[in-house]
Amino acid sequence: IRPIAFASDGVDTDDLPSILVRCFDGWIILDYSLDSDISAYFSSFMSMTDDFGSMNVGKEHINWPQWLSLDNMQFTTSEDCASCAIDDVDFDHNTGYYMTGNYYGCLFATKALCDMDAVTLQCNTCATPGGQDDTEHPGLCTHIVLDLDDSDINSAQTSHQTCVTWKWNYLPSIGLNGQFCPCIRPSSSSSQQEQLVDAKYTDSTANKDADEEAMDCTRVVELTNADFAYGTYRVRACGVYRLMEDIALNMNSDDESFEHINDDAGFWWPTPQQMAAAEQYPSDNFIGAYAMGFFAGIAVEHSDVVIDLNGYSFAMSAPFYIQQRFFSLIELASKPFVSGQGPTNFGNSDVVYAQNIEIMNGVLGLTSHHAIHGNNNRNIKIHDVRIVDFEVSAISMNGFDTVRVEEVEIGPNQQRIPVTPQYAHGRFMLQRMALIPGLNGDEDGEDTSVVINGARVSAWQIYETLQQEMDDAFRYSYRYLTTDDDDADEVDVDFENLFINRDGLSQGGTLYGLFFNSEGASVFGLGLSPGTSTNLVLRNIYIHSLRARPTETVRAKLQRGPFNDLFDVQRVMSTDDEDEGEDSRYRGTSYSNAQYAISQLIPDEWWSVLGHTHLSKALQKWIAGAVPVLHTDFGCNADIMLHLTKGIFAVRIDNVHNVELDGEIQIDGLHNLGEFGDANLCGAYFSSKNGGHHNQEYPMQIGYTGTEVHGITLIGSSVRVTQNTKVVIQDLLSARGSVYGLNFYADNEIDVEANALISVRDLYAGAYLNARDVAHLRQTLIPNTVPRACVMDVWTAKKMVAADTNVIRIDSSAQLDAQCVSQFDVCSFRYSQIDESFAASNDVLNYDYMQDMIENDAAASSMQCTPLAEELEEDDVYQVLSRLSKTSKFHAQTLQLLRLQDLQQNTNTMDIANDSGRLMTVWLMAWIVVSLIAVCFWKLRHVTSMKQILQLRSHDENTPLIA
């Protein structure tokens, strides 16, 4: 048919094609899988997921009657795209399919609670945490049936504030694969119906692509640095991709004069021409796979691919590492997130999730996020690889079937990170600020300026200040990363710069060695991702020397920037001591001022530019100086991206069935230097119901969780420790929090087979605390709990959301041993202390399976077991870690970094005006310590390629990976 008689005003009917449709009892079924040309009859059209399309939300947000460019139509739905739901339909009743707000950048309150099954497309319902009642609401879904006049449907009149604050947001959706189609017919029985030509049925093959020509998957493609000079290498054909030299990624770089670092020259970013081309790096108006820059070194977009590192290293160069803070060395897909997730809208153009992939034989080095990352992959093998200098995770896989990881060494992670997380945000923010209308025009005009503390400040001034501070941070960071060891102490540093990281450690909420998850993003709470993954083998894995400082960002609830970057309210509050805390005026940073300017000066209808931006009226008045005190609810236990802080994990496995641990699994040296969670602004919370993070899985996660350390953690998984396998976990240390050798959270099935060994030793909880610190924790209880050490933490699942308890079977010939466990409280937590809903007689939900096996005999341990935490006297200071620092360099470095933290914290509380001389002295001392540590780190850890490793260690099959 060609229904041009019904075309909306302003539509050029000459461009409207004839389309194939189906008919059902007088209704027209629009089936995209039958004929993709139906997209021409919509005001805009883009695929949002593999299975559903909607409008281009960068340009419009409208309802069905406006989106479909045909007037006077009645609407209903067709689940099978062959028949229409016409029971009780009349001309006053219209229904359509709608997707929830998360898929196009708006809020939806049940996110991560009861998401749609990504395989069956089954939609679910659930109640919201902390809700007024138990009313069931839809989970995230692409095809909910609603009346077209439902008040929660977004329209052209919907403000961006509603998009990012209202709990329930919807826009129209249409199925792309022969399901969930719209049915339409004229809204009256007028003679205009005669102008609809009868449709004829046709096979649903008209929109199928022709079969690919046969490919030779044994062909070898040789890769050099030149192949990565202008962007991500997109693998779009099967074959063997082999490195021919060490690769130092430096995409679209400048000439290293660094005259144009963060300006509109756009170095280290896809060019406008590249973003406009679908075959290169598609991104349009901050929508698309490359909307946050080059997200990978290699993006595998085809099946049957071998990546042979060939004994070389694959890593980011120093300048590119500083500038591209969202990155995986190898991404096993054509975009980094599944649809509907992530800090921006990554689009859905020709999405491919790779299958039958092998990665082998080399070093994966410096990366600002992951070494290897994947979603929805099948049959992945990773072997004979060393992974170092990552910031978030060595390997993260979500929603997979059949992954095998063997002969892999992981660690150390990157511990010379020169910039803070805010630097990444600044890179993305400058691009959005550049779109402020009239940015370079009238600096004093109300349309191009904002009021901060009573004074009008131009957007251009805010832009330039942000850019200059970031440029300064880049120049420092580049010198820091590239200066010779002997000259490291000569690099000048300005620690007042927001974007300079003072100690080089990761500040992200969580650090992983390996993370294997069910479907979708892995940033939610324990076990919260939907669905399951299957078939995982870990064989001969060595994870070691992971160190981080997870950092909490106290936020004003719901206040954030374009890519879910939190408004860091704690950082920008200044208190006048003379008013005894009554006055907490805004003390803006270059970045918080930019967040404010974006919220005020970007037009409301530019949803894709504003992204997640929302600053409340109360916060706006406080920033403007109209009120001296900010009255708001604070949100806690999150990092700068609103991710729940969880600490350090060597291995985390969520909802994975049929896992095998085989050979030797060794974990050695996980040190968490994170500080306590904020108790002043946050109060005494223990769960999401009274101040904790909304993804916090209470009672498994109590209060502030960023200080924890976990060896191997399982939830909802089935695992076999195979015959003769050795699992050795040692030297897990938290400066201020709890430590867990193995966590068996709810709903696991564990089999430890014959002659297997599980050995856990040297667990140190609260190793930087003294007895007075602990006495205070015993008094307050939450949000910072008394540090516990659990060798094998087993949950009984009483009063938990999870349905089942753990099933643990251990062969009689298997060996379990535990040595040198230092803690300030027993593993089992008594919930009646903090939660009145628990009775004291039934308030223990976990126990240490190996509690009675612990031997704290110093002679039996690899380190000094004494003094243990419980032996500290009141005047002992840092005695546990001080003693440990004399046994190894890794512990000595940890102690030095913690003392540097203390110096910095003390400096931050000084009265600068009255004590500037002392301030300079302290900063000099701090810098000397930093320099010494940096030199030590660099000399101990510098590895340029796998060839150096091969000289030190044979790789024949008879040589164990773990020496």
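Buried, in this talk, means under 20% relative accessible area; exposed means over 50%, and partly exposed is in between, with a 1.4 Å probe and protein chains only. By that cut-off, 59% of the 963 residues of the protein count as buried.

Two housekeeping points. This is a predicted model: local features need pLDDT of at least 70, side-chain atom pairs count only at pLDDT 80 or more, and totals for chains, interfaces and linings use all residues. Residues are numbered from 1 along each chain as its sequence is written, and side-chain values use heavy atoms, with hydrogens and water left out.

Now the overall make-up. The protein has 14 helices and 46 strands. Both are DSSP runs, numbered from the N terminus: helices are H or I with at least four residues, strands are E with at least two. Contact means heavy atoms within 4.5 Å. Take the contacts with a separation of 6 or more: 75% of them come from residues 24 or more positions apart.

Next, the cores. A nonpolar core is a set of buried Ala, Val, Leu, Ile, Met, Phe, Trp, Tyr and Cys residues joined through side-chain atoms within 4.5 Å. The largest one has 170 residues. Which residues have the most contacts inside it? They are F314 and F516. Helix α6, residues 459-482, gives the most to this core, with 11 residues. A second, separate core has 48 residues, including L16, L30, I38 and Y41.

Let's move to a sheet. Four strands form an open sheet in the order β1-β2-β12-β5, and the pairing is antiparallel. Strands pair if DSSP finds at least two bridges between them. At the edges stand β1 (22-24) and β5 (73-78); each has a single partner strand, so one side of each is left without a neighbour in the sheet. Neighbouring strands here are turned by 30 degrees against each other on average, direction ignored. That uses axes fitted as lines to C-alpha atoms, for helices over the stretch in contact, with angles from 0 to 180 degrees between N-to-C directions.

Stay with β5. Its partner β12 covers residues 181-186, and the two pair in the antiparallel sense over 6 bridges. F75 has I184 as its bridge partner in β12. T76 stands opposite C183 in β12.

Is β5 enclosed or open? In β5, 6 of the 6 residues are buried, so this strand is largely enclosed by the rest of the structure. In a regular strand, side chains alternate between the two faces of the sheet. Both faces of β5 are covered: M73, F75 and T77 are buried on one side, and Q74, T76 and S78 on the other.

S83 lies in the loop between β5 and β6 (95-100). S83 is partly exposed, with a relative accessible area of 27%. Leaving aside neighbours within four places in sequence, S83 is in contact with F24, I29, T77 and S78. S83 and C23 are 60 residues apart in sequence, yet 8.1 Å apart in space, C-alpha to C-alpha.

Buried or exposed? T722 is buried, with a relative accessible area of 8%.

Its side chain makes a polar contact with the side chain of D662, at 2.7 Å. A polar contact is a pair of N or O atoms within 3.5 Å; within protein, one must be able to donate a hydrogen and the other to accept it, and residues adjacent in sequence count only if both atoms are side-chain atoms. The side chain of T725 is another polar partner of the T722 side chain, also at 2.7 Å.

Now helix α10, residues 771-780. A771, V774 and L777 are buried there. They cover an arc of only 115 degrees around the axis, which puts them on the same side of α10. The arc is that of the directions from the helix axis to the C-beta atoms. N770 caps the N-terminal end of α10: a side-chain oxygen lies 3.1 Å from the backbone nitrogen of R772. Just after α10, L781 takes a positive phi of about 70 degrees.

Last stop, Q901 in helix α12 (residues 889-908). Q901 is buried, with a relative accessible area of 3%. A polar atom of its side chain lies 3.1 Å from the backbone oxygen of L673.
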